[in-house]
Amino acid sequence: MSDILVSEQSAPGSGGSGRPSGRLLEVDDLRVEFRTRDGVAKVINGVTYHVDAGETLAVLGESGSGKSVTAQTIMGILDTPPGFVTGGHVRFHGKDMLRMSAEERRRIRGEGIAMIFQDALSALNPVFTVGFQIAEQFRVRRGLGRAEAKKRAIEMLDQVKIPNAKGRFNNYPHQFSGGMRQRAMIAMSLALDPEVLIADEPTTALDVTVQAQIMDLLAELQRERQMGMILITHDLGVVADVADRIAVMYAGRIVEEADVYDLYAKPAHPYTMGLIDSIPRLDEKGQQLRTIKGLPPNLMNIPPGCPFNPRCPMAQPVCREKVPPLLQVGPARASACHFAEELVNRV
Amino acid sequence: MSENILEVRDLVKHYPVTQGVVFKKTVGQVKAVDGVSFGLRAGETLGVVGESGCGKSTLARVLMNLEKPTAGSVVYKGQDISKLSGGALRRLRRQIQLVMQDPYTSLNPRMTVGDLIGEPFEIHPEVAPRGSRRAKVRELLDLVGLNPEHINRYPHQFSGGQRQRIGIARALALRPEVIVCDEPVSALDVSIQAQVMNLLEKLQSELGLSYIFIAHDLSVVRHLSDRVAVMYLGKIVEIGTEDEIYERPTHPYTQALLSAVPVPDPTQRNNKTIIRLTGDVPSPISPPSGCRFRTRCWKAQEVCAEQVPLLEIRRDSDHPSACHFAERREIVATHEV
């Protein structure tokens, strides 16, 4: 199976529980910039996070925060040009993927790390049947024959609870509803039994009732397979339901990382605080929503010091001068704010 | 606050489904809106929620008379909008304006902000004489929280939230009484969304506007609305005050919808029961007989297939609910923190 790339790992599929040390997937000080006609946009400015087997890391951020670009870099599907990796590492089982040959990376894709995208309709090929697109992987990567591949593909469709999987095998993507397409894409990405699944806004395009179905399905499959999952989203509600840990991104940096309960109970960064305060909650009808004033920074011209300082209600002179590093502020939590200690210790 | 400024009665909008190129024949109807009635009171916000395909955007288009209804009427202060045309319609349009969802495609990229916001004055010159238009536009920019100095900029120089403010300024230009907002914040980030929602509230209290606020996000709708209508497959299934819908929903669909909304509080993870609906919304071309929700409903009985449940106050419901078995059920995640 995946023995080529995980040769140093203990029994594959055991969830990595017996692995001596090291993370399953680790992003280390990653830097990416987009070189465009109008200038250089520094999209990712030193992102560090990791995910272990069986764990869900939510990467939370607004548009332009760099959360999707990080995922694309991990998968090796960053558009170059305009995107260029200018520094850092992405390690999978300790091996730096950014320094691998294209062939080596290709082998990891699908079997090691797989990804599902927000918009299933544009992620699926409209001129091939859904069944063919899933079966193709078994033929190409596992060397199975047509009939066997088809059987496995139908099994996959069954696993993601597509009713009448056999009959649906020959349907084209446009014949599926939005929720079913998302299921088909999940089936496709899980076909080769990946160790890490990156889900980039998997339910943003879906209705709430369908969203609940898909999130349940993902959680169930993750539990069964002990996959590591990176859930990229802007939805604080979804995150609260499924994440174990959360990394909050702003202007291409991680500004806070914490356990899900700690983060909601006591955010340690003013940006996280602002985000949590600005969601209208179903269970609280207030007068005015507290907002984060201003706009996210222009990535071609990130303000000096802390990138959040122009919008921050707590900003002090030091914030305009020094970039706050992401520092440990408690057990398993970190914040990139000069005043993180005070935020954590407040009552 | 009690007078209905807008009355919608039995509104129906069907789109024909055709086959063939030369000899087109109609083979079916997409029943996008199928018998919707409600009233909008002066100064209130009526929220309309529902999932994609339930007909909420079609409703907005028909309310604005951008589409002629197949049947039914939209009465604004005693005048049926759907029967008007020409000058009379144009005059009436001044009173009802629309804010659209996508601030990226709803603004012409070749027009400056001044032209975009001033365009309504070209069509309705009586509102602002030519000489005073620039000044009016500056006032509007200021009103929606944009810098009046930016009057000569183009849409691409603004962020999504700012563009939505431009859209709102344009809708306000003619001093309307009713604004139909079709998913005005769904394309925006959380932090920006909150800014725009606060702006909408501020404008309402300052200018005495009435809103019809269409959205799929139940928390956003609750935050802004006085009353809420829940739509499913072209029909309103339940309507009531914000409290009645969110605290005491009686229609199974509303209950399921509310239970599925993720609560941004991890400590509630295990305290809530999500009602899991199976399957997808049926096609509006051939909706199920009787109650349209019955194919996904856990309470469905024979009567549901035979009789269309009317939207009326029922025994166990203090507000209109279109379910034969309407009853309260404690499902929404607890409200005490």
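pLDDT is the predictor's confidence in each residue, on a scale from 0 to 100, and the views below are all taken from a predicted model.

View 1. Chain B has a mean pLDDT of 87, with 97% of its residues reaching 70 or more. Over residues 332-337 of chain B, by contrast, pLDDT stays under 50, although the model has ten contacts beyond four places in sequence for this stretch. Where pLDDT is low, the predicted coordinates should not be read in detail. For the complex, the predictor gives an ipTM of 0.76 together with a pTM of 0.83.

**View 2. The open sheet of chain B, built from four strands in the order 2-1-4-5 with antiparallel pairing.** Strand 2 (25-41) and strand 5 (79-80) of chain B each have a single partner strand and stand at the edges, so one side of each is left without a neighbour in the sheet. Strand 5 of chain B pairs with strand 4 (residues 71-76) of chain B over two bridges, in the antiparallel sense, and in strand 5 of chain B it is Asp80(B) that stands opposite Val75(B).

**View 3. Helix 1 of chain B lying across strands of chain B.** This helix, formed by residues 56-63, lies across strand 1 (4-19), strand 2 and strand 4 of chain B, and runs at about 75° to strand 2 of chain B.

**View 4. The contact between chain B and chain A, to which chain B gives 34 residues and chain A gives 35 residues.** On the side of chain B that touches chain A, the elements giving two or more residues are helix 6 (190-207), helix 7 (218-224) and helix 9 (252-260) of chain B. Helix 6 of chain B provides the largest share of that side, namely six residues. Divided by class, the side of chain B that touches chain A comprises 17 nonpolar, ten polar and seven charged residues.

View 5. Phe92(A) counts as buried because 21 C-beta neighbours lie inside 10 Å, where the cut-off for a buried residue is 20 or more. When its neighbours within four places in sequence are left aside, Phe92(A) is in contact with Leu25(A), Met97(A), Ile108(A), Gly112(A) and Ile113(A). Gln211(A), which lies 119 residues from Phe92(A) along the chain, has its C-alpha atom separated by 30 Å from that of Phe92(A).

Key: Residues are numbered from 1 along each chain as its sequence is written. Chains are lettered from A and ligands numbered from 1 in the order in which they are written. This is a predicted model: local features need pLDDT of at least 70, side-chain atom pairs count only at pLDDT 80 or more; totals for chains, interfaces and linings use all residues. A residue is buried if 20 or more other C-beta atoms lie within 10 Å of its own, exposed if 12 or fewer, and partly exposed in between; C-beta atoms are placed from the backbone. Two residues are in contact if their C-beta atoms, placed from the backbone, lie within 7 Å. Two strands pair if DSSP finds at least two bridges between them. Axes are lines fitted to C-alpha atoms, for helices over the stretch in contact, and angles run from 0 to 180 degrees between N-to-C directions. Ala, Val, Leu, Ile, Met, Phe, Trp, Tyr, Cys and Pro count as nonpolar, Asp, Glu, Lys and Arg as charged, and the others, Gly among them, as polar.
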